[in-house]
Amino acid sequence: MSEGPVKMKRRVAFLSQGLGRIVPPKAHGSIATWTYETAKRLSREHSLMLIEFGERRFATTRNVHEGISYLYVPTVINRIINAVHTRVLDLWRRISHANPQTLRPAYASTLHNLGFAVQAAWHARKWHADVIHVHNFSQFVPIVRALNPSARIVLHMNCEWLSQLDPKMIARRIKSVDAIIGCSGHIVNKVLARFPYLRQKCHVVFNGSDVEHFVPSMEAVVANPPDPLRILFVGRISPEKGLHLLVDAFKTVAQNAPTACLDVVGGAGSLPADYIVSLSDDPNVRGLESFYRGDYFAEIQGRIPDHLKERVKFHGNVAHRDLAEHYARATVFVNSSLSDAFPLTVVEAMAAGLPIVASAVGGVPEAVAHETTGFLVKPNSSDALASSLCDLLNDSSLRRRMAVAARERALSLFSWNAIAGQVARVHDQAAAVNGTK
């Protein structure tokens, strides 16, 4: 009697994008966290290798943790190529008077992180990877394909670059892709608006949350409101995260709720402006350009009146696993971003049973159910943030109702087990289209 089709065990290699790092059991950055948590679950049925930027200049190092192989490639070749590329590009722009705000910025060049891409693709080949999962950098795809002609390549987009960068350049690169993942329907719809023929290859896989680690605290379910009322922000202190709007909103909130305080968890450090601002067609995002020219953290601190400085606390970078205690102490979670493909921190806060106030941008409306798990507010409006925050801080029954709904939504849609299952299906479909591996 047949027991059904036998699942083939695959060898899956994840390539780092370099804006975050995994040193198990710690992952630094949203994409690194996504990769680490997803890989742990995929490794129950498949062989996993995570290829990362190393800390050593010349030596390749290896590690095995929870059955997953970690390979850290040396950095010196990559740094030399990047440095030469940057200098040559700067020289060419000065000579030609080219506009640096172009549809082919430096980070989108084939030469950017070329040293890493070649080494990573070569190690994936030696390991005989069946599936190679690449985050964001489409320029890696042709290199990976050249060295791995029979592997299935998945390009995972956590930003809008496929729909923002030079379409001819992108079209050439994605010819070799077997599947494209967008972290939200917002991302996928923008890709399909430009490349409608990719519909069969495109998939939505959200960011997730460790619903067993980020859990509601007892304070979230008691009848009496906590004292003080804590507003929590988690993210980079970078202009696109809109912390300047939140600080301005807090001035109003503080008058309305005398015990309210604001906790900011995340380090100061902006992404380059040309990663976000230069390519955006959103006037709210383009209006952030001046913030990138100066010290944004100093700008934020300067906006806080002296009488409120003790009520706004900057906690700096916090290890991902240690975030749970900040969620547990919070009353309300706020996402004030002006650009957000899909917010990992929002789904973590929902898993922790927090009501959400979030700007209705990017993929955020796919995470937050308006007036059910929180409030979606007009982007780039400190008044809108303040109004919804005050509504929640002044109504404990509304907070409890939204907190319960937030936890339920996180359990049903955003657990890492659910996310890993979706990724496995994408890998399955990519293999099936081109012949089963």
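**Entry 1: strand S11**

I began with strand S11 (residues 230-234), which is mostly covered, since four of its five residues are buried. For my own record, buried means under 20% relative accessible area, exposed over 50%, and partly exposed in between, with a 1.4 Å probe and protein chains only. Strands here are DSSP runs of E with at least two residues, helices are runs of H or I with at least four, and both are numbered from the N terminus.

A word on what I am looking at: this is a predicted model, where local features need pLDDT of at least 70, side-chain atom pairs count only at pLDDT 80 or more, and totals for chains, interfaces and linings use all residues. Residues are numbered from 1 along each chain as its sequence is written, and side-chain values use heavy atoms, with hydrogens and water left out.

Next I looked up the partners of S11. Strand S12 (residues 261-265) runs parallel to S11, and five bridges join them. Two strands pair if DSSP finds at least two bridges between them. In this pairing I found Phe233 opposite Val264 of S12. S11 also pairs with strand S14 (residues 332-335), again in the parallel sense, over two bridges. There Ile231 stands opposite Val332.

I then followed the chain: S11, helix H8 (residues 243-256) and S12 make a right-handed β-α-β unit. Right-handed means that, with the strands pointing away from the viewer, the path from the first strand over the helix to the second runs clockwise.

**Entry 2: strand S8**

How many residues of strand S8 (residues 152-157) are buried? I counted six of its six. Arg152, Val154 and His156 point one way from S8, while Ile153, Leu155 and Met157 point the other way.

S7 and S8 run parallel and are joined by five bridges. I noted His135 opposite His156 in S8. The chain gets from S7 to S8 through H4, in a β-α-β crossover that is right-handed. S8 also pairs with strand S9 (residues 179-182) in the parallel sense, over four bridges, and Met157 stands opposite Gly182 there.

The peptide bond from Pro24 to Pro25 is cis, with omega near 10°. Pro25 sits in the loop between strand S2 (21-23) and strand S3 (26-28).

Asn136 has a phi near 70°, a positive value in a residue other than glycine. I found Asn136 in the loop between strand S7 (131-135) and helix H4 (140-147). Is Asn136 buried or exposed? Asn136 is buried, with a relative accessible area of 5%.

Glu371 is not a glycine either, yet has a positive phi of about 65°. Its loop runs between helix H15 (364-367) and strand S16 (374-377). Glu371 is exposed, with a relative accessible area of 56%.

**Entry 3: two helices**

Last, I looked at helix H14 (residues 344-351) and helix H17 (residues 396-413), which pack at an angle of about 115°, with their axes 7 Å apart. Axes are lines fitted to C-alpha atoms, for helices over the stretch in contact, and angles run from 0 to 180 degrees between N-to-C directions.

Which residues make the contact? From H14 they are Val347, Met350 and Ala351, and from H17 they are Ala406, Arg407, Arg409 and Ala410. Contact means heavy atoms within 4.5 Å.
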